[in-house]
Amino acid sequence: MLDGEGSVLILNRRYLQLRIFNCHLGALRRIQKIAGGKICRANVPKPHHRQGYLWHASMRAAVPILHQLLPHLTIKRRHAEVAIAYNERVWQAKDEARDAGNRVIDPIDDPRLVALHAELIALNR
């Protein structure tokens, strides 16, 4: 489902998130049972539209899911590769900051993270 109806996002240049929107709550509950994550009701834009639901998994849960799905993805394969690279760089940058005696790394200041974020935005267009 991620490959067709899902999204791989980096929110606020800091947080990796996977999302799948669907009107069939049962399908999303099955994904949740297998992969974890959370389900919430989506806003219904027009009265004649069906109720939709949104499954989402963030940073720590998203990366293992992407690793498992990667061999099976077609449409979202590059999205997953970029998201995994982004996550790896976040942790690498945090380690570098800690080793240098700094407490915080801001992803907005890291050129590699900025480039990966820009690539994911382009892929999602």
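A disulfide here is a pair of cysteine sulfur atoms within 2.5 Å. This is a predicted model, so local features need pLDDT of at least 70 and side-chain atom pairs count only at pLDDT 80 or more, while totals for chains, interfaces and linings use all residues. Residues are numbered from 1 along each chain as its sequence is written, and side-chain values use heavy atoms, leaving out hydrogens and water.

View 1. The predicted structure holds zero disulfides.

**View 2. Strand β4 and its partners, β2 and β3.** Strands here are DSSP runs of E, at least two residues long, and helices are runs of H or I, at least four, numbered from the N terminus. Two strands pair if DSSP finds at least two bridges between them. β4 (residues 53-58) runs antiparallel to β2, with six bridges, and Ile20 has Trp55 of β4 as its bridge partner. β4 also pairs in the antiparallel sense with β3 (residues 38-41), over four bridges.

**View 3. Gln17, a buried residue in β2.** Gln17 sits in strand β2, residues 15-22. Is Gln17 buried or exposed? Its relative accessible area is 9%, so it counts as buried. The Gln17 side chain makes a polar contact with the side chain of Ser58 at 3.3 Å (N or O atoms within 3.5 Å; within protein, one must be able to donate a hydrogen and the other to accept it, and residues adjacent in sequence count only if both atoms are side-chain atoms). Leaving aside neighbours within four places in sequence, the contacts of Gln17 (heavy atoms within 4.5 Å) include Ser7, Val8 and His56.

**View 4. Leu18 in the largest nonpolar core.** Such a core is a set of buried Ala, Val, Leu, Ile, Met, Phe, Trp, Tyr and Cys residues joined through side-chain atoms within 4.5 Å. Of its 28 residues, Val8, Leu16, Leu18, Trp55 and Leu66 touch the most other members. The largest share of this core, six residues, comes from α4. Not counting residues up to four places away in sequence, Leu18 touches several residues, among them Val8, Trp55 and Leu66.

Definitions and conventions. Buried < 20%, exposed > 50% of the residue type's maximum accessible area, 1.4 Å probe, protein only.
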